[in-house]
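Please have the sequence and the structure open while I talk.

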Amino acid sequence: MGHTGLYIEARIRADLDDLWTRTQDPAQHQRWDLRFTEITYLPREEGEPQRFRYATRIGPFLTVAGTGVSAGERERPDGTRTSALRFSSPHPLSLLAEGSGYWRYVPDGDGVRFLTGYDYRPRWGRLGATADRLLFRPLMGWATAWSFDRLRLWLERGVTPERALANWLTELVVRTLVITIACTALAPAASLPLLGPFTASLAYLCPLLLTVAVCVALFKAPLPCTPAARRCLRTPPTRIRAPRVLRTLENPR
């Protein structure tokens, strides 16, 4: 499609069947995937690819919807599984016009390498291409990786997607407060009048402690039960080819 495709991989210590269910059942998929608010399977005839409708709520009064078609290979000779899809959105406010991608499930010791590769064509011409390159595509990559780690916590630790989101929001608020308070206090602390040895110590010690607090808030790894995109691999370890089943799917438009 003329763009750099997105690649995300997470290693999840879980049963392959459980992982397959959490990702292929629309009701469970929409709980952990930050990119979608609603996913609904549409009626289909026996033997046909599964068509679906997806929606993403952008704000309290705006929902962007689209349709897609998917097919999966549940049993493969090498023990892996694959799910492929094509999707499109006719909504004029959707930067994403159409795209395609796949999920792969690769057994790996006591867990599964769960990975995705996908790409899409933005609309709005050059303006859309620029917005996609600078903002939307990095945001989509982050949201996918964050969601994969949210799924991992659900399967490995029993942290529900709703609880994982609450943990992330709480940690985000705490970090923001620490940074705000520290930055607000830095200037006054640095300008304390040097009236004696004790005051002089405060003048040098407080800025140092506040700077350390800001660094911790910015760079400390998230808590174990908080989802984090940084825990996922964002570059394929080897050259990845799209699955053959993807070529059998028609564009859902």
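There are 14 salt bridges in the structure, a salt bridge being a side-chain nitrogen of Lys or Arg within 4 Å of a carboxyl oxygen of Asp or Glu. Please bear in mind that this is a predicted model, in which local features need pLDDT of at least 70 and side-chain atom pairs count only at pLDDT 80 or more, while totals for chains, interfaces and linings use all residues. Residues are numbered from 1 along each chain as its sequence is written, and side-chain values use heavy atoms, with hydrogens and water left out.

Let me begin with Arg-11, which forms a salt bridge with Asp-108, the closest N and O atoms being 3.0 Å apart. Arg-11 lies in strand S1 and Asp-108 in strand S6 (residues 96-108), so the pair ties together parts that are 97 residues apart in sequence; strands here are DSSP runs of E, at least two residues long, and helices are runs of H or I, at least four, both numbered from the N terminus. Arg-11 also forms a salt bridge with Asp-110, at 2.9 Å between the closest N and O atoms.

Which residue does Asp-149 meet in a salt bridge? The partner is Arg-231, at 2.6 Å from N to O, and the pair links helix H3 (residues 125-157) with the loop between helix H5 (197-219) and helix H6 (244-247), 82 residues apart. Asp-149 is buried at 1% relative accessibility, whereas Arg-231 is partly exposed at 33%, where buried means under 20% relative accessible area, exposed over 50%, and partly exposed in between (1.4 Å probe, protein chains only).
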